[in-house]
Amino acid sequence: MHFLRKVAVFVMFAILIGAFAISMGGNYYGDRERRQSVATVGSVNISPEDFRRAYQRVLENVSQQAGRRISPAEAQAFGLPNRVLQGLIQDAALDLEAKELGVGLSEEGVRRGITSLEVFQDKGVFSADKYHRFLQNIGYTAPFFEQEYKGDLVRRQLRGVFEGSGVVSKALLEAYNKFGNEQRTLAYFILAPEAAGAVPAPTEAELQVFYEDRKPQFTTPELRKVSALAISPQTVAKSLTIPDADLKAEYAAKASVYSVPERRKLEIIPFKTRADADAAYAKLKSGARDFLGVAKDAGFNQPDIDAGVVSSQELADKFGMNDAIVKAAFSTEKEWTARPVDGPVSTVIIRVLDVIPGQERSFDQVKEQIRADLAKVRAQSEFQRLIKAFEEDRTTGVPLADSARKLNLPLEEVTFDRSANGADGKPLTISAVPAAQLVDAAFKSDVGVENEAIRLQGGGYAWFEVNDVVKPRQKPLEEVKGEVEAAWRADQVRDRLSSRARDLVARLDKGEAIAAVAKSVGATVKTSQPLKRNGKEDGLPPAAVAQAFALPEGGAGSAASENGTSRAVFQVAKITPPGPLSEEQAKGLEQQLAGAISDDNFSGFLNRITTTSPISIDRKAFANVAGGSYDGE
């Protein structure tokens, strides 16, 4: 973990870490050897406090990127605690290697580095006051920040040794160009299931052997029976009953809001002075200039004066027009021009191009819109009331179903497997919470466990309880005999198609024309477009494209379709070498490869020092501070 990158991220989110005092004295660490350790790397201890600070920084980072607070359970699922500890172990190994190599940084170097950070400067000059306020917000001591900053700079020095180590030869560039841009055109035909011929009925013994070899295929999946309910502003709004009397009262109070106002298409020319506006208006009245001509004289083109189609309220709000201008605009007749009107900062001339009459809407016309608007407003307070009441029930141990009945909330009871399919094998349907979220949470839970609420994307929460766990059951052969026979037949067809395809490929390899080979099995040859390694062609299995790049021109092969019901037989009809890279492409690829090689070199170095350094992890201490077990290497 590189501290400088952390500083940049935490500045962005106002969660910067660190502390710094320009007087570089003191040692935060004290006697580190005597502190409790989560892990040790050689002579370096990683304390619970070291881990806690680093973990909190990463957790804040991930939460900011996700746009919400990541829960401890989610952090465990993402493997964040293990990754943080592994990062601290790598930092410690680099610190030991730097010490061994004599790489270091003077106190003056650290001072210059920190005082030059823009975040601590005021008008280009380091501000101790700004810096100390920053430290107080973060809660780090100054010496601790200095120590971490210094350590990161030293580790960056080690990393910098490898930055220029990525040497890219011309041969490597050409190889990458060939690998990524070479194209192959395939001639191919499809062996349909019918090409397998008639498959005789299986014997009882064959079915028994097939069933025994594939027992897991004929096992019912583990199921979770779950109750779930959601409380959100949207669901609350749907459940609210609003009397017609309330709707009529709202309409009476806000009739103008629910009516469509008159709108006008306007052009407006502003003038700096009243004299300029009067002179321009005189030209209009005399016919010396038209409206657009006057606008051009004032320095405007047509788009500059186009106010669009607006209502009187929109004209006032959008353009900041005063009452006099609005009145002139909406009292002038269509295709007429209003006299100059004084505004707050300029005088304007307005032309009315079109008038769209307003429309009074009756109560019946807007009744449902009023209902939706009122429901939205009232749902917020009802939502908060229900959340509070529900949480009170949870703290007192009221079962989910009882709480749902008490609060008149819809409770959904569903059964599903890990693939989000119901007991009937059909996709799970539930309105309380996204199916994938519920399945994931339920299979991490068990009967009798109180689960954390699932935060809903549109606002609100969903709660669930696992009522029962239905363990997988092996279906006896007698129960699934029809399924077993169908699977056996499909297996036989695949084997027969594979065997026949091998024979056809052998004929192609001996030089027989692909058209003749295809005709012998009643198939038609198709030719693909030129394909790169990751190219796709409808009807051609991806496995065939992958195989084609391991064959010479004229080479043949076969590949099963993705569902296994048919098989493609193909021949490499043409290999098209890539053209030479342009200078810009070559430079870009060289930079990309050089960076990758440098990263690989540094990774190899890091792997060597972490595998040769004596590392010890106190798994109990880690579990205490991280809330989970360590499962890293």
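Visitor: Which residue in E2 does Thr40 stand opposite?

Guide: Strands (E, at least two residues) and helices (H or I, at least four) are DSSP runs, numbered from the N terminus, and two strands pair if DSSP finds at least two bridges between them. Here Thr40 stands opposite Asn45 in E2. Strand E1 (residues 39-41) is joined to E2 by 3 bridges, and the two run antiparallel. The model is predicted: local features need pLDDT of at least 70 and side-chain atom pairs count only at pLDDT 80 or more, while totals for chains, interfaces and linings use all residues. Residues are numbered from 1 along each chain as its sequence is written, and side-chain values use heavy atoms, with hydrogens and water left out.

Visitor: In what order do the strands of this open sheet lie?

Guide: The order is E2-E1-E17, an open sheet of 3 strands with antiparallel pairing. Strand E2 (44-46) and strand E17 (615-617) are the edge strands, each pairing on one side only.

Visitor: How many aromatic pairs does the structure hold?

Guide: A pair of aromatic rings is described by the distance of the centres and the angle of the planes. Rings of Phe, Tyr and Trp (its six-membered ring) pair if their centres lie within 6.5 Å; planes under 30 degrees apart count as stacked, over 60 as edge-to-face and the rest as tilted. The structure holds 9 such pairs. One of them joins Phe51 and Phe622 edge-to-face, at 5.5 Å centre to centre with 70 degrees between the planes. This pair links distant parts of the chain, 571 residues apart: Phe51 lies in helix H2 (residues 48-66) and Phe622 in helix H24 (residues 619-626). Together with Tyr55, Phe51 and Phe622 form one aromatic cluster.

Visitor: Why does Phe51 count as buried?

Guide: Buried means under 20% relative accessible area, exposed over 50%, and partly exposed in between (1.4 Å probe, protein chains only). Phe51 counts as buried because its relative accessibility is 0%; Phe622 is likewise buried, at 0%.

Visitor: How are the planes of Tyr461 and Trp463 arranged?

Guide: Their pair is tilted, with 45 degrees between the planes and 6.1 Å centre to centre. Tyr461 is partly exposed at 31%, whereas Trp463 is buried at 3%.

Visitor: Which residues is Arg394 in contact with, leaving aside its neighbours within four places in sequence?

Guide: Contact means heavy atoms within 4.5 Å. On that basis, Arg394 touches Leu400, Glu450, Asn451, Trp463 and Glu465, neighbours within four places in sequence being left aside. Arg394 is placed in helix H17 (residues 363-395) and is buried, with a relative accessible area of 11%.
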